[in-house]
Number of protein chains: 2
Amino acid sequence: MHISYEEELKLVEGILTAADFPVEDARTIARVISHSDFTGVYSHGLSRLTRYMRQIKAGSLNPHPNFQKVLDSGAVMVFDGDSGSGIVSLNKAYDELLPRARELGIAMATGRHNANIGCGSYYGWRAAADGMVALVTCNTYAFTSPFGGADRLIGTNPIILGVPGGESYPIVMDISTTFVAMGKIQAAEREGQAIPDTWAKDYDGAPTTDPSKAFSLSPIAGHKGYGLAVMVDVLSTMFSAACFGTDIGLFSKLEKENTGFCLILIDPSKFMPLADFKAEVDRYAHMMKDGRKAPGVNEIFLPGEIEFRKFEAMRQTGFEVSDKLASELTELSVTLGAIEEGADFGALVRHFAD
Amino acid sequence: MHISYEEELKLVEGILTAADFPVEDARTIARVISHSDFTGVYSHGLSRLTRYMRQIKAGSLNPHPNFQKVLDSGAVMVFDGDSGSGIVSLNKAYDELLPRARELGIAMATGRHNANIGCGSYYGWRAAADGMVALVTCNTYAFTSPFGGADRLIGTNPIILGVPGGESYPIVMDISTTFVAMGKIQAAEREGQAIPDTWAKDYDGAPTTDPSKAFSLSPIAGHKGYGLAVMVDVLSTMFSAACFGTDIGLFSKLEKENTGFCLILIDPSKFMPLADFKAEVDRYAHMMKDGRKAPGVNEIFLPGEIEFRKFEAMRQTGFEVSDKLASELTELSVTLGAIEEGADFGALVRHFAD
């Protein structure tokens, strides 16, 4: 069944409100989850809701956190998320940081004790829409090892950049510092396929092609990806006294994530008129796109361009919710008392859309 | 012949002063060049001096630039290097930015119209010694293509991080966003060896194993490395109106580099007592180093640790100047009138050491 962007927003808001999230926070999470599905990043979309509910039940995700600003000095701030959703914490930190960055040109907020921040590119889009450049990092459940190591001590540690464009799309990079996500390896295992030996290592730290033996994810580009992942750990945890390494809970046991984030906002209009900045971004984008193409390549894309186009296309078609996901969400809503037993997914969507 | 760290400092200062650099700038460059050789990064050490002289002769490197601060507002600054050494510009920008970062917690300086910044890890060491965290990027001569492209439009675009440690070494990452440097491919060509097809692409943009056909360097990790290189371009050029892509001169023609840099300094002591921050860095380093090792690995290193150890070891042994490099530098010094014809390298070193 296809649902529209607006329907997904209302659906997520409805389910989360039923799960006891404050309506404002439910709306924030709904925006990030819908962004994720409508840019094709299904791993952080509707499919995550069930896990969030299991985290709440396990006491590792707090729907009513005492979110606090614990430091505010000069151009820097620190926030404590009290084990709440990282999506809510990071968006609130953004709200507080934006005027400071506009005032001083650059400002930085870090956060501790947060669950997952959701789809990273959302924050790049948000900053670009505000005419700001954003640099965002967060650490995550530990799934990778230091270079030369075998223990899981470092997360998939994404790096996110958002840059406002003029006539071009904004430039938005959102990459993890591992080759692939664990989900991709699990998918290979379900299908009985071997994986490239660059993706993961076994328990002993040796490269493996057997997905069932994959224990730690390999960083991109060996020691360089390891270096970048360490950079993300430093920025995301050291300034906020957030957890890292073995201090972070285990994903498999639904333990508290307690991870940290770092948000740096830069205001181009402090440097030049915003229109001039955007014109330079356009000139850059055109220079890249207009260059000669490699064999078999029809078009060169700037980072994030494919997601902007996908979003535009999917706003037309809607997002296709699989039967499996539809019944999962319907069951969840029945359990939460949001809709009566026996209702189908279409009824659920209509229930919240009205 | 082995020369000591102090001898190399004096030697470089002497040659550059003879080449008409102001003595203070010559000293700054000498520190970065000596750092490079004594941490094992020979590509940015003494071997670079001849190229610098050729750049000066070609009018693309200005030894007497009118270095100017063109913007200073809140937590951000912009500098114009007037085609001077990027080493001098970036160090001067650092001097100016440091008190601002200490005052506000974070501050950012960008620069335009600069030649090469030299060995990147130097700036990470410098910040760590000042108890600061530094994030440095710069764009370079264009040697790589956008993902899917064939034209050379993007530099090797390094990312540098410096983090002060306590009992541990500082954490210093200094990575280019390409798989290898062009020098490594040229070395393979000289030795008649094939290169892995991940290193470079030919003129048409197809992967090649023939070093003589290598035209553009491949980014690390495909689209992820491309994204990181674009991030470096944005940070280093957009805020300072520095050159990018085809606006940058050609390396092969000794044209002006006119590249940009971005320096972000963060003061940990704005967030917590510096000793507490350093203790967390130590705890992090120990956690990584104490984990289980992969097969064949004796020790896990933090980013930059190997260079700190190499520096300590080479301070004992001195840096071995090859016969080829020794005569190159001696000839150069004769040409500059710094020493009389017929003198050998040993005499040159003693000449400046006294």
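## The model

The structure is a predicted model. Every value below is computed from that model.

## The sheet in chain A

Chain A holds an open sheet of seven strands. The strand order is S2-S3-S4-S12-S5-S8-S9, and the pairing is mixed. Two strands form the edges: S2 (68-73) and S9 (171-175) of chain A. Each of these edge strands pairs on one side only. From one strand to the next, the twist averages 10°.

## The interface of chains A and B

Chain A and chain B each bring 78 residues to their contact. Between them the two chains bury about 6500 Å². Carbon and sulfur atoms account for 73% of that area.

Polar links also cross the interface. There are 22 residue pairs in polar contact, with both residues at pLDDT 80 or more. Helix H7 (residues 223-238) of chain B gives the largest share of the chain B side that touches chain A, with ten residues. By class, that side of chain B has 55 nonpolar residues, 13 polar residues and ten charged residues.

## Salt bridges

Over all chains, the count comes to 32 salt bridges. Four salt bridges lie across the interface of chain B and chain A. A:Arg283 forms a salt bridge with B:Asp247. The closest N and O atoms of A:Arg283 and B:Asp247 are 2.9 Å apart.

Another salt bridge lies within chain A, between A:Arg315 and A:Glu6. Here the closest N and O atoms are 2.6 Å apart. A:Arg315 lies in helix H9 (residues 305-317) of chain A, and A:Glu6 lies in helix H1 (residues 5-18) of chain A, so the pair ties together parts 309 residues apart in sequence.

Conventions. Residues are numbered from 1 along each chain as its sequence is written. Chains are lettered from A and ligands numbered from 1 in the order in which they are written. This is a predicted model: local features need pLDDT of at least 70, side-chain atom pairs count only at pLDDT 80 or more; totals for chains, interfaces and linings use all residues. Side-chain values use heavy atoms; hydrogens and water are left out. Two strands pair if DSSP finds at least two bridges between them. Helices (H or I, at least four residues) and strands (E, at least two) are DSSP runs, numbered from the N terminus. Axes are lines fitted to C-alpha atoms, for helices over the stretch in contact, and angles run from 0 to 180 degrees between N-to-C directions. Contact means heavy atoms within 4.5 Å. Buried area is the accessible area (1.4 Å probe) that two parts lose on being put together, summed over both. A salt bridge is a side-chain nitrogen of Lys or Arg within 4 Å of a carboxyl oxygen of Asp or Glu. A polar contact is a pair of N or O atoms within 3.5 Å; within protein, one must be able to donate a hydrogen and the other to accept it, and residues adjacent in sequence count only if both atoms are side-chain atoms. Ala, Val, Leu, Ile, Met, Phe, Trp, Tyr, Cys and Pro count as nonpolar, Asp, Glu, Lys and Arg as charged, and the others, Gly among them, as polar.
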